[in-house]
Amino acid sequence: MTIDWAAMERHCRALLPARAVVAAAQELLAYDCDGLTLHRAQPPLVVLPETTEQVAAILRLCHRRGVPFLARGSGTGLSGGALAETEALVIATSRMRSILDVDLANRRITVQPGVINGWVTRAVAGDGFYYAPDPSSQVVCSIGGNVAENSGGVHCLKYGVTSNHVLEMEVVLPDGTVTTLGSGLAETPELDLRGVFIGSEGTLGIATAITLRLLRAPQSVAVLLADFTAMEAAGEAVRLVTAAGVLPAGMEIMDNFTINAVDDLFGRDEYPRDAAAVLLIELDGQEREVTAAVEIAGELCRQAGARTIRRASSEADRALLWKGRKSAFAAVGRITPTYYVQDGVVPRSALPGVLAAIEELSRRYELPVANVFHAGDGNLHPLILYRADEPGVIERVQELGAEILRLCIDAGGSITGEHGVGSDKRCYLDWMFAPDDLATMRLVREAFDPAGLANPGKIFPTPRSCGESARRQVAHRHIKVEHHLPKEAAEVEQRDVESLASLDVF
Ligand SMILES: Cc1cc2nc3c(=O)[nH]c(=O)nc-3n(C[C@H](O)[C@H](O)[C@H](O)COP(=O)(O)OP(=O)(O)OC[C@H]3O[C@@H](n4cnc5c(N)ncnc54)[C@H](O)[C@@H]3O)c2cc1C
């Protein structure tokens, strides 16, 4: 179907405040990719709503005219989720940045989706509270994006990922209906559709208000930095600490390449430059509990072969040690014009073997790979460095990325830990799931979005991008859908179209 984008622009301008529609080619350039710069596609039109009502009006317009759309937060996603690879209206939430309610008595806060992750803690830190999920991109990424990707972060080892911290969401469904998923209460009897929506990468609708759980800031926090002359030893330290029953708030490893990139970025020798790996361990809780855990973790690092162990001496020192880890991607970005971040998961015990295999692959493909990862969760982030102007390099980079994911699956892991599937990994989904599993997931998606307008082409393999295997899956799905989707679904949609058609603006 051909979309009349000039008409769409007119309708959007009628529904939104002045300067909320972006249609000039040079301005649209800013939306041509997310954090995965390997793939680019300029959208035909971008809108910047400020309220739920405006988002709902835009989605009703899209539904009425059969126009695909996708939400965009800060565009830091690393799997192409916010990429308009097929023509779609981009609905950016960057003007939905209000904190709507702070309820300290019940330890919750309600925010618009464009609110930046780090702002949530900033809003309540003075009262001794914080928001636990802390992606390394937390100074720029949005809560809406975190919800869509079910983002993790350094502290998710102990405190859980985004889905463990979202109590309630106001969501606009793809037909423009506004609904609420979840509840501010701890327990409610309904189906957990909140859990279905979180991590659905914008394919089920747009979250327009999110109520988050707040935690009390811990009484005491300690950060240890242990350095090792072999990556295997750092992996062994992670294994020993976990096996001893110590649950750190975070355990992160950086390899030699990343250590030097970070030290260069800040122009100092914060991490030992000759170490094969450094392990950062954060321990938090009551004073006495932390003191004991520091003793145990330090001793176990020594047993694993740590060369030195340093304990951050002050809050500023602690922040400095984490700043290096959280700036790792930026630091690598300084020494290469482009890199491709992978995001695989392996059982912790498989870490040393998988890292050695990645090193071997890096040599074979003649592409440097930097490793920085959430070691406690077994969540790897190999960064493949390349120059986009080298002939044939993109194919090599993608093949290497795929081989790394294959390694993760073969080790009993997953093709994504926290960055989502997006457009980048959809062709690998059938490495993990049988056609029946995929068909069931597609049915859930279709229950929310029968017309397939929300973030089209994402997550699931498509014949256009993934070829024959996807074609077989789609055929499989059609059999299921015809079997299960009641006739009423089509009737409901028809009623919607008729009621919307009566509105003047259309
Ligand atoms: C340097 C760097 C470090 C990173 N570190 C981490 C990390 O430690 N942990 C981690 O998990 N991720 C990390 N990421 C990835 C990324 O920051 C997260 O996935 C983040 O949640 C994306 O948020 P965003 O606002 O940028 O979303 P976008 O990139 O704009 O969008 C991501 C997806 O969310 C959807 N979406 C956005 N808003 C909404 C909404 N309101 N309703 C429904 N769908 C929506 C989009 O359609 C898209 O599919 C990192 C990225 C970078 C660049």
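User: How do you know which residue of β4 is the bridge partner of L70?

Analyst: The bridge partner of L70 in β4 is V90. Strands here are DSSP runs (E, at least two residues), as helices are runs of H or I with at least four residues, both numbered from the N terminus. This is a predicted model, in which local features need pLDDT of at least 70 and side-chain atom pairs count only at pLDDT 80 or more, while totals for chains, interfaces and linings use all residues. Residues are numbered from 1 along each chain as its sequence is written.

User: What makes β3 and β4 a pair?

Analyst: Two strands pair if DSSP finds at least two bridges between them. Four bridges join β3 to β4 (residues 89-92), and the two strands run parallel. With four bridges, the pair meets the definition.

User: Which helices pack on the sheet, touching β4?

Analyst: Contact is judged by C-beta atoms, placed from the backbone, that lie within 7 Å. Helix α1 (residues 5-15) touches β1, β2 (45-47) and β4. Its direction makes about 10° with that of β2. Helix α3 (residues 52-65) touches β2, β3 and β4, and its direction makes about 170° with that of β4. Such angles run from 0 to 180 degrees between N-to-C directions, with axes fitted to C-alpha atoms, for helices over the stretch in contact.

User: Why are β5 and β9 called edge strands?

Analyst: The open sheet of five strands has the order β5-β6-β10-β8-β9, with antiparallel pairing. β5 (99-103) and β9 each have a single partner strand, so one side of each has no neighbour in the sheet. Neighbouring strands are turned by 15° against each other on average, direction ignored. α3 packs on this sheet too, touching β8, β9 and β10, at about 45° to the direction of β8. Helix α4 (residues 117-124) touches β5, β6 (108-111) and β10, and its direction makes about 135° with that of β6.

User: What joins β8 to β9?

Analyst: Five bridges join β8 (residues 166-172) to β9 (residues 178-182), and the strands run antiparallel. V171 stands opposite T179, and E168 stands opposite G182. The two strands form a hairpin with five residues between them, and G176 in the turn has a positive phi of about 95°.

User: How do you know which residues surround the ligand?

Analyst: A residue counts as near if its C-beta atom, placed from the backbone, lies within 6 Å of the molecule. There are 36 residues around the ligand, and the closest are G73, G77, G81, G144 and G145. α5 gives the most to this shell, with five residues.

User: Why are α9 and α12 called roughly perpendicular?

Analyst: The axes of α9 (residues 256-266) and α12 (residues 328-335) come within 8 Å and cross at roughly 85°. Angles of 65 to 115 degrees count as roughly perpendicular, under 35 as roughly parallel, over 145 as roughly antiparallel and the rest as oblique. The two helices are therefore roughly perpendicular to each other. Residues making the contact include T258 and L265 of α9 and A328 and I335 of α12. By class, this contact has eight nonpolar, one polar and two charged residues.

Definitions and conventions:
Two residues are in contact if their C-beta atoms, placed from the backbone, lie within 7 Å. Ala, Val, Leu, Ile, Met, Phe, Trp, Tyr, Cys and Pro count as nonpolar, Asp, Glu, Lys and Arg as charged, and the others, Gly among them, as polar.
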